[in-house]
Amino acid sequence: GGWILVKGSLFVFCHEWSPAERKLAFVATRESTGVLETLGAFHWFSKFASFCSGLRTELWLDHKSAVQALARWWSPTPAMRSVLQDIRLLCVDNFLILHPCHVLGFPFNSIADHLSHNRVAEAVCLAKVQFGADATIV
């Protein structure tokens, strides 16, 4: 899940991992959280790139390895490199300058955490408290 605040309007989304995405994230003996986090960033850009066209975009993630990979546009994990390439293409196509930032999940990224766990109602309430804006689900 993710969100964006644009000129006082808040937009949120949730995405359920597909079997193909889970397969992509499977590394050795389990799913890679870093790959899932970069996939989440890809879905965020897929939803919101047009809002950010031509802008420097600060992307908050609570997974340090995903932030480092996005900052370098490289990862030792082939699956993550594949997702990074997809994000890079979205950035180029939409004239975005990406600035990834690591933030702690709680309390700083609580809205996204609620969305990632499909707790949409809680995320919408929290967004109203934090930003005084009603959320539009996209």
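Guide: Here we go through some labels on this model and set each against its definition. The model is predicted, so local features need pLDDT of at least 70, side-chain atom pairs count only at pLDDT 80 or more, and totals for chains, interfaces and linings use all residues. Residues are numbered from 1 along each chain as its sequence is written, and side-chain values use heavy atoms, with hydrogens and water left out.

Visitor: Why are Trp3 and Trp60 called an edge-to-face pair?

Guide: Rings of Phe, Tyr and Trp (its six-membered ring) pair if their centres lie within 6.5 Å; planes under 30 degrees apart are stacked, over 60 edge-to-face, and the rest tilted. The ring centres of Trp3 and Trp60 are 6.5 Å apart and their planes stand at 90 degrees, so the pair is edge-to-face. Trp3 sits in strand β1 (residues 2-6) and Trp60 in strand β5 (residues 56-61), 57 residues apart. Strands here are DSSP runs of E with at least two residues, helices are runs of H or I with at least four, and both are numbered from the N terminus.

Visitor: What makes Trp3 buried?

Guide: Buried means under 20% relative accessible area, exposed means over 50%, and partly exposed lies in between (1.4 Å probe, protein chains only). Trp3 has 18%, so Trp3 is buried. Trp60 has 36%, so Trp60 is partly exposed.

Visitor: How do you know that Arg22 forms a salt bridge with Glu31?

Guide: A salt bridge needs a side-chain nitrogen of Lys or Arg within 4 Å of a carboxyl oxygen of Asp or Glu. The closest N and O atoms of Arg22 and Glu31 are 2.8 Å apart, which meets that limit. The structure has 2 salt bridges; Asp134 and Lys128 also form one, at 3.2 Å from N to O.

Visitor: Why is Asp134 called exposed?

Guide: Asp134 has a relative accessibility of 57%, so Asp134 counts as exposed.

Visitor: Which residues link into a cluster through ring pairs?

Guide: Phe11, Phe13, Trp44, Phe45, Phe48 and Phe51 are joined by ring pairs into a cluster. In total, the structure holds 7 aromatic pairs.
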